[in-house]
Amino acid sequence: MSDRAAAMDQLNMRRSNLSLVLRELRKQPRSRAQLALDINMTKGAVSSLVAELEDRLLLRISSAGTPGTVGRPARDVSVVNSRALGLGISLSVDYLVAAVVNLAGETIARHEVPVHTPGLSAQDLTSAVVELAQKVARKPPFGDPGVLLAGVAVGAPDLVDARSGTVRRSPTIGLTDFPLRRVLLGELQGLTRNIQVDNDANLAALAECRGGGSAAGVSNLVYLTGSTGIGGGIISEGRLFRGAAGYAGEVGHMVIDPRGSLCTCGSIGCWEAECGLEAFLVAAADEGDAVRDVRTPLDERFDVVVSRAQQGDLRTLAAVQKAGTSLGLGLSTLINVFNPDVIVLGGYFAKLFPFLIEPVRRTVHQRVMAESLAGCRVLRSELGLYASAIGAAHFVIDQIITNPTAVPFGEESSARIKVPDLENAS
Ligand SMILES: [Zn+2]
């Protein structure tokens with residue numbers, strides 16, 4: 001092995017050990033001696049790793065030891081949760097939302113801007129994202145000494161090339177071949193040089209299993225956005241399943257009824273043409289009805305739908321049955337293909353979950369072999385509108401946990417955070 005290769009090996013080993021120490025201490029603060037025992041390293045090795053992470057301000061050593069212990073108390077080492085914060089932003093039809101997640105994986109801030117994105121030019125949409133990022137980054141705890149913005153990740157619907165950060169084709173927000181990451185790198189360079197762009201369903205899936213979501217700790221999961229389109233985010237063995245070119249999870253265009261409705265993609269009977277948001281609203285109410293008024297926030301329109309369903313309104317209940325059956329048909333295929341532990345329903349599916357779940361379960365039970373279905377739970381997303389933004393922020397935090405050396409020593413500016421390798425995260 002060449003000297004250079006050996007040095008690289010050593011560097012990688014050091015980085016992965018720093019990551020291990022950070023991950024362990026995230027679970028629970030403890031003394032260096034205890035940590036050495038827990039991760040099977042020498043006390044000297046652990047002390048050196050802890051010292052480096054402390055110099056990067058990622059760890060703090062408590063001034064007092066554990067009370068009640070005899071002799072010289074061992075001082076606990078804990079993670080400084082606010083040292084690196086991830087900012088996630090998601091773009092959807094009616095909203096831009098932002099979430100900030102700390103190193104403990106806690107969502108510490110949420111922001112929401114109602115905006116009808118398909119009506120905006122690419123430039124105006126970018127400006128809205130930049131404005132939102134800057135607004136969030138001006139609020140505490142940003143600006144406090146030692147608090148870094150570790151990066152910004154943006155979730156966009158439909159076909160997104162995460163490697164280059166290009167929105168390839170998004171009918172939902174009206175972008176085609178738009179290099180969103182490159183544009184944001186220019187616009188936000190004073191804030192951060194770590195910018196990622198990914199598919200919104202992928203990021204939402206990450207949010208659901210990284211904690212805070214319905215499926216905390218689950219390793220095999222399918223998340224479905226229930227919006228104008230139906231996007232899928234697939235977590236397999238704890239990692240995002242991206243496919244060859246990164247477009248895996250575009251489940252909305254599975255054909256489930258060859259004699260069905262015309263889809264925006266030009267095909268007939270796609271899943272989202274049968275039970276996407278628009279299809280549901282058209283089935284639930286005539287044009288001119290309050291629930292189809294795009295000027296009213298979607299949440300409020302669905303409050304009306306839910307109240308109608310509760311009162312037994314026949315038109316609403318028929319629309320729910322139709323959507324639930326179509327949803328169940330598509331889910332059957334996903335369950336047969338991926339054998340997930342959990343399916344999480346987002347968007348309007350989450351809003352109508354108590355009404356949809358019966359036709360969904362019935363259809364799934366008819367179509368999936370018992371062995372594949374065993375233990376698969378269908379849950380509603382508890383993160384609502386914020387799922388993708390929270391997942392995006394988690395994505396940034398994952399990058400830091402995987403590579404703590406991205407965080408500079410002392411109180412250097414966050415604009416100096418190195419862009420970690422996308423392949424290494426999540
Ligand atoms: Zn289609």
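This is a predicted model: local features need pLDDT of at least 70, side-chain atom pairs count only at pLDDT 80 or more; totals for chains, interfaces and linings use all residues.
What arrangement do the 4 donor atoms around the zinc ion make?

1. **The zinc site.** The arrangement is tetrahedral, because the angles subtended by the 4 donor atoms run from 106 to 119°. For reference, the ideal value for four tetrahedral donors is 109.5 degrees. The protein donors are ND1 of H253 and the SG atoms of C263, C265 and C270, at 2.0 to 2.3 Å from the zinc ion. Along the chain, these donor residues follow the spacing H-x9-C-x1-C-x4-C.

2. **Two of the zinc cysteines.** It is worth looking at C263 and C265 side by side. C263 counts as buried, with 7% relative accessibility, whereas C265 is partly exposed at 36%. Both contribute their SG atom to the zinc ion.

3. **The five-stranded sheet.** Please trace the open sheet with the order β6-β5-β4-β7-β11, in which the pairing is mixed. Its edges are β6 (107-114) and β11 (195-199), each of which pairs on one side only. From one strand to the next, the twist averages 20°. At the β11 end, β7 (residues 148-156) pairs with β11 in the parallel sense, over 5 bridges. For a handy landmark in that pairing, find V154, which stands opposite V197 of β11.

4. **Helices on that sheet.** Helix α4 (residues 122-138) packs on the sheet and touches β4 (84-91), β5 (95-101) and β6. The direction of α4 makes about 30° with that of β5. Helix α14 (residues 387-402) also packs on the sheet, with contacts to β4, β5, β6, β7 and β11. In this case the angle between the direction of α14 and that of β4 is about 145°.

5. R242 and D198 form a salt bridge, with their closest N and O atoms 2.7 Å apart. R242 belongs to the loop between β14 (239-240) and α7 (271-275), while D198 is in strand β11, so the pair ties together parts that are 44 residues apart in sequence. Are the two partners buried or exposed? R242 is buried, at 18% relative accessible area, and D198 is buried too, at 4%.

6. The side chains of D289 and R308 meet in a salt bridge with an N to O distance of 3.2 Å. D289 sits in the loop between α8 (277-284) and α9 (298-310), and R308 is in α9 itself, so this pair ties together parts that are 19 residues apart in sequence. D289 is partly exposed, with a relative accessible area of 22%. R308 is partly exposed as well, and its relative accessible area is 22%.

7. **A salt-bridge network.** The count for the model comes to 15 salt bridges. Which residues are linked in a network? They are E24, K27, R30 and D38. Within this group, D38 and R30 form a salt bridge whose closest N and O atoms are 2.7 Å apart. D38 counts as partly exposed, at 39% relative accessibility, while R30 is buried, at 10%.

8. **The three-stranded sheet.** A further open sheet has 3 strands in the order β8-β9-β10, with antiparallel pairing. The edge strands are β8 (159-161) and β10 (175-178), each pairing on one side only. Neighbouring strands are turned by 20° against each other on average, direction ignored. Between β9 (residues 166-170) and β10, which run antiparallel, there are 3 bridges. In β10, T176 is the bridge partner of R169.

9. **The loop around T228.** Finally, have a look at T228, in the loop between β12 (221-224) and β13 (232-236). T228 is partly exposed, with a relative accessible area of 29%. Leaving aside residues up to four places away in sequence, T228 touches V93, E272, G276, L277 and E278. The C-alpha atoms of T228 and F280 are separated by 9.4 Å, and the two residues are 52 residues apart along the chain.

How values were computed:
Residues are numbered from 1 along each chain as its sequence is written. Side-chain values use heavy atoms; hydrogens and water are left out. Donors are N, O and S atoms within 2.8 Å of the metal (3.2 Å for Na, K and Ca); water is not among the atoms, so sites may look incomplete. Four donors count as tetrahedral if all angles lie between 85 and 135 degrees; four count as square planar and six as octahedral if opposite donors are over 155 degrees apart and all others between 65 and 115; anything else is irregular. Buried means under 20% relative accessible area, exposed over 50%, partly exposed in between (1.4 Å probe, protein chains only). Two strands pair if DSSP finds at least two bridges between them. Helices (H or I, at least four residues) and strands (E, at least two) are DSSP runs, numbered from the N terminus. Axes are lines fitted to C-alpha atoms, for helices over the stretch in contact, and angles run from 0 to 180 degrees between N-to-C directions. Contact means heavy atoms within 4.5 Å. A salt bridge is a side-chain nitrogen of Lys or Arg within 4 Å of a carboxyl oxygen of Asp or Glu.
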